[in-house]
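Here is a chain to look at with its sequence alongside.

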Amino acid sequence: MSAELSIPQTQYAESDGLSIAWQAFGNGKQDLVIVPGIVSHLDADWDDPDHAQMRRRLAQSFRVIVFDKRGQGLSDRFDGAPNLEERMDDVRAVMQAAESSRAILFAVSQGGAMAA
């Protein structure tokens, strides 16, 4: 990890009784929420040099908000599969916890349907 951006502290938002792990970093005036694809893990993404570099670059222009989907990474496990509305409730819960009232959604893979 470079000295310009250390790994941010993981925080948790409550959504439908579950804890959703999220991080925010960067000093941009515009918020950017990264909506993850089929798999998400906040810590593992920082360990991957390509993901870390992309996040550092985005943080130069935005306040970046990333999260682990329910049931994955550092977020709470649950039984079943969430529907689109539940996943969007998680995005809203993370944005509220991060005090973000408006953001650009940057979707990856499966996150595209959510962001659309």
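What follows sets computed values against the cut-offs behind each label.

This is a predicted model, in which local features need pLDDT of at least 70 and side-chain atom pairs count only at pLDDT 80 or more, while totals for chains, interfaces and linings use all residues. Residues are numbered from 1 along each chain as its sequence is written, and side-chain values use heavy atoms, with hydrogens and water left out.

Q: Why is Arg 70 called buried?
A: Buried means under 20% relative accessible area, exposed over 50%, and partly exposed in between (1.4 Å probe, protein chains only); Arg 70 has 5% relative accessibility and therefore counts as buried.

Q: What makes Asp 16 exposed?
A: Asp 16 has a relative accessible area of 57%, so the label is exposed.

Q: How do you know that Arg 70 forms a salt bridge with Asp 16?
A: A salt bridge is a side-chain nitrogen of Lys or Arg within 4 Å of a carboxyl oxygen of Asp or Glu, and the closest N and O atoms of Arg 70 and Asp 16 are 3.7 Å apart. Asp 16, Arg 70 and Asp 90 are linked in a network of salt bridges.

Q: Why are Arg 92 and Asp 89 said to be separated by about one helical turn?
A: The two are three residues apart in helix H3, which means a separation of about one helical turn.

Q: Why is Val 108 called partly exposed?
A: Its relative accessibility is 36%, so Val 108 counts as partly exposed.

Conventions:
Helix = DSSP H or I, 4+ residues; strand = E, 2+ residues; numbered from the N terminus.
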